[in-house]
Amino acid sequence: MSKDSSLDSHSKPKSTFGVRLRNFLIVMVAVVLSVALFLGFQSENSSVSLTELDQNSTPLEVAMSNGKPTLIEFYANWCTVCQKMAPDIATLKTEYNDKINFVMLNVDNTKWLPEMLQYRVDGIPHFVFLDKNAQTKAETIGDQPRTIMGSNLEALIAGSPLPYIQANGRVSQFSTTEATNSNEDPRSHGSQVVN
């Protein structure tokens with residue numbers, strides 16, 4: 001029996017070392033995965049924001065008078081479809097910026113109410129394609145694939161009929177009636193009570 005107990009005492013240090021090695025490897029894998037997840041979320045969050053697009057867009061007054069075709073986007077920061085499309089719009093802006101005005105109009109800013117009424121904005125994103133004379137050629141509402149947007153922009157530059165007019169995708173609902181009746185902070189959407 002003493003022979004068996006000496007074997008047990010020799011096998012315990014090996015199993016303790018094995019457990020420690022296993023735990024160390026688990027910790028290392030967890031650290032590596034945590035870093036990978038963190039970096040993944042960082043790169044996802046570092047994509048272009050609607051605010052950045054707005055800040056870098058052509059002012060409406062300039063777009064209406066500079067003789068270039070124009071794409072107007074009515075959007076809101078809370079609009080998930082607008083957020084989803086922001087990277088595509090940024091890519092298109094990079095590709096066509098020298099040929100087309102990109103104008104961003106935030107529907108939460110009552111300054112743009114005349115334009116919202118003029119273009120009958122009732123869902124966002126709402127895109128208006130204007131020719132070089134600031135005449136409306138087409139409108140699209142909602143989530144649009146970048147290829148469709150690009151085709152419309154190519155036709156707009158060429159002065160051709162736009163291939164995708166009045167295309168409708170997924171939208172975030174918006175009412176100009178609520179915008180005209182509300183004197184509250186535009187970020188207080190959840191606090192509005194409708195009777």
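Trainee: Why is arginine 120 called exposed?
Mentor: Its relative accessibility is 70%, and the scale, computed with a 1.4 Å probe on protein chains only, calls a residue buried under 20% relative accessible area, exposed over 50% and partly exposed in between, so arginine 120 counts as exposed. Arginine 120 lies in the loop between α5 (113–118) and β3, and its phi is near 50°, a positive value in a residue other than glycine.

Trainee: What kind of model do these values come from, and how are the residues numbered?
Mentor: This is a predicted model, in which local features need pLDDT of at least 70 and side-chain atom pairs count only at pLDDT 80 or more, while totals for chains, interfaces and linings use all residues. Residues are numbered from 1 along each chain as its sequence is written, and side-chain values use heavy atoms, with hydrogens and water left out.

Trainee: What makes alanine 134 partly exposed?
Mentor: Alanine 134 has 21% relative accessibility, and therefore counts as partly exposed. Alanine 134 sits in the loop between β4 and β5 (136–141), and it too has a positive phi, of about 65°, although it is not a glycine.

Trainee: How do you know that glutamine 144 is buried?
Mentor: The relative accessible area of glutamine 144 is 3%, so the label buried applies. Glutamine 144 is found in the loop between β5 and α6, and its C-alpha atom is separated by 9.5 Å from that of valine 81, although the two are 63 residues apart along the chain.

Trainee: Why are α4 and α6 called roughly parallel?
Mentor: Helix α4 (residues 80–96) and helix α6 (residues 146–158) pack at an angle of about 30°, with their axes 10 Å apart. Axes are lines fitted to C-alpha atoms, for helices over the stretch in contact, and angles run from 0 to 180 degrees between N-to-C directions. Angles under 35 degrees count as roughly parallel, over 145 as roughly antiparallel, 65 to 115 as roughly perpendicular and the rest as oblique, and α4 and α6 are therefore roughly parallel to each other.

Trainee: Which residues of α4 and α6 meet?
Mentor: With contact taken as heavy atoms within 4.5 Å, the residues of α4 include Met85, Ile89 and Leu92, and among those they meet in α6 are Met149, Leu153 and Ile157. The residues of this contact of α4 with α6 divide into 7 nonpolar, 2 polar and 3 charged.

Trainee: How do you know that the peptide bond from isoleucine 124 to proline 125 is cis?
Mentor: The omega of that bond, from isoleucine 124 to proline 125, is near 0°, and proline 125 lies in the loop between β3 (123–124) and β4 (126–130). Helices (H or I, at least four residues) and strands (E, at least two) are DSSP runs, numbered from the N terminus, and the protein chain has 7 helices and 6 strands.

Conventions
Ala, Val, Leu, Ile, Met, Phe, Trp, Tyr, Cys and Pro count as nonpolar, Asp, Glu, Lys and Arg as charged, and the others, Gly among them, as polar.
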